[in-house]
Amino acid sequence: MEAVLKNVASTTELLAVAALSGEVQRWDKQTLSRAVQWARYCERLFSRFHNNPAIRMLMEKQLQLTNQSLRAAFAGYIEVSLSDLSRCQHLLLVGLLKNPELPISIMKVLFDTASPVNTQQSECQDVTGFCSHIIQCKSACKVLSPLTDLSAVGVGADAEVQAAMLMERLDALLSQGSEACRTEHILDSVLRGFEGAAGHFCLVIAAALLTKKNSASQSTSQDFLLDWLQKEQSVLQHMCSALPATLIIDLTKEHLKFRHAYCDLLKKWAADMEYSISEGEWVQPRKNRTVSFNRLTQHFLGLFETCPSLRDDVEKELNALKMSDGDFDVGGLSVWGDLLSAVNK
């Protein structure tokens with residue numbers, strides 16, 4: 001029993017280090033794997049002994065002693081209770097995400113959704129299994145940050161949890177006054193981690209932006225994310241062309257910045273179009289065909305339906321652009337004129 005109590009103390013100390021110590025800067029995938037194994041070990045201990053009064057009392061006494069020493073060692077330390085041992089993996093993940101010293105390499109591991117091909121004992125299996133466990137457990141979303149109901153519009157539990165993870169990380173960095181370039185670098189690194197899965201990354205960003213704002217820090221993180229999105233036009237373009245229309249509508253309702261960026265993108269798509277005599281319609285250059293003219297029209301109509309007050313201003317702008325093209329009413333001569341006709345049918 002002495003060894004068990006020692007392991008409980010060590011794991012509690014590990015959770016404190018993960019959340020509050022700069023030591024995590026030295027962590028690598030192997031260190032994270034060992035931390036995950038210890039977290040699972042304590043979850044199994046709780047499951048096995050929490051109904052045993054004698055052992056429960058010993059474990060609670062050990063936790064009291066360990067908490068006392070950790071309070072003295074770490075400012076802002078939050079005590080670990082016996083019931084907390086049942087969710088050690090969650091506490092480990094949340095602690096790491098809240099630690100501003102967490103290295104980008106570990107962030108990328110946490111966001112890695114690739115299926116491991118290694119053996120049962122591999123580090124890759126341990127860490128990916130850890131992330132999969134968090135994803136599969138719906139209560140994890142509540143532990144990290146409550147989300148709006150996104151399942152109805154095709155956002156899976158993995159994207160929801162990764163969005164919550166992203167918001168936790170941004171909250172931690174921005175609340176510590178981290179430089180914008182450092183935070184942007186983390187976003188860029190996460191984006192590169194989704195190479196070949198850009199559609200999924202867009203779902204993660206959308207879910208993060210639709211996270212309920214329960215604090216000023218969450219609002220700040222969403223503003224930062226929106227500013228970054230406006231700089232990363234390729235990501236914004238992919239989001240607006242690939243996400244379900246219902247998600248786009250929700251985003252335009254929720255965020256004025258997104259609404260304006262979305263509207264500007266639609267006008268850019270229209271400006272890039274040229275009339276194809278062979279196809280009998282406006283098309284984008286072959287190297288960059290993102291939307292058809294019909295799809296572009298639907299985007300504008302969706303925007304007008306969501307934000308009726310925006311319609312008058314946009315139509316005035318489209319009319320001015322049509323006049324600059326010669327104010328022709330003949331189809332195929334001005335994309336702006338044809339667009340106005342299409343949205344007013």
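Some ground rules. Residues are numbered from 1 along each chain as its sequence is written, and side-chain values use heavy atoms, with hydrogens and water left out. Because the model is predicted, local features need pLDDT of at least 70 and side-chain atom pairs count only at pLDDT 80 or more, while totals for chains, interfaces and linings use all residues.

Overall fold, then. The protein chain has 17 helices and two strands. Those are DSSP runs, numbered from the N terminus: helices are H or I with at least four residues, strands are E with at least two. The chain holds 345 residues, and 49% of them count as buried. Buried means under 20% relative accessible area, exposed means over 50%, and partly exposed is in between, with a 1.4 Å probe and protein chains only. The chain exposes about 16800 Å², and carbon and sulfur atoms supply 50% of that. Areas come from the Shrake-Rupley method with a 1.4 Å probe; for residues, only the protein chains shown count as cover.

Now contacts, meaning heavy atoms within 4.5 Å. Take those between residues at least 6 apart in sequence: 68% join residues at least 24 apart.

Next, the core. A nonpolar core is a set of buried Ala, Val, Leu, Ile, Met, Phe, Trp, Tyr and Cys residues joined through side-chain atoms within 4.5 Å. In soluble globular proteins, nonpolar side chains tend to be buried together. The largest core here has 99 residues. Which of them touch the most other members? Trp 27, Leu 85, Met 239 and Phe 258. Look at Met 239. Beyond four places in sequence, its contacts are Cys 202, Ile 205, Ala 206, Leu 229, Ile 248, Leu 251 and Phe 258.

On to the largest pocket. Its space is about 570 Å³. The search runs on a 1 Å grid over the protein atoms alone; a pocket is an open set of points with protein on both sides within 12 Å along at least five of seven lines, and lining residues have an atom within 4 Å of a point. Grid points are joined across faces, edges and corners, and the volume is the space filled by probe spheres set on the points. The lining has 23 residues, with Ala 19, Ile 78, Val 94, Gly 95 and Lys 98 nearest the centre. Helix H1 (2-20), helix H4 (88-98) and H8 each supply at least two lining residues. H1 gives the largest share, five residues.

Stay with H8, residues 157-175, for Arg 169. Is Arg 169 buried or exposed? Buried, because its relative accessibility is 1%. Setting aside neighbours within four places, its contacts include Lys 98, Asn 99, Met 107 and Arg 182. A polar atom of its side chain sits 2.4 Å from the backbone oxygen of Asn 99. A polar contact is a pair of N or O atoms within 3.5 Å; within protein, one must be able to donate a hydrogen and the other to accept it, and residues adjacent in sequence count only if both atoms are side-chain atoms.

Thr 306 is in helix H15, residues 293-306. Thr 306 is buried too, at 17%. A polar atom of its side chain lies 2.8 Å from the backbone oxygen of Gly 302.

Last, a loop residue. Asp 327 is between helix H16 (308-324) and helix H17 (335-343). Its phi is near 60°, a positive value in a residue other than glycine. At 41% relative accessibility, Asp 327 is partly exposed.

Conventions
On a 1 Å grid over the protein atoms alone, a cavity is a set of points where a 1.4 Å probe fits but cannot get out, and a pocket is an open set with protein on both sides within 12 Å along at least five of seven lines; lining residues have an atom within 4 Å of a point.
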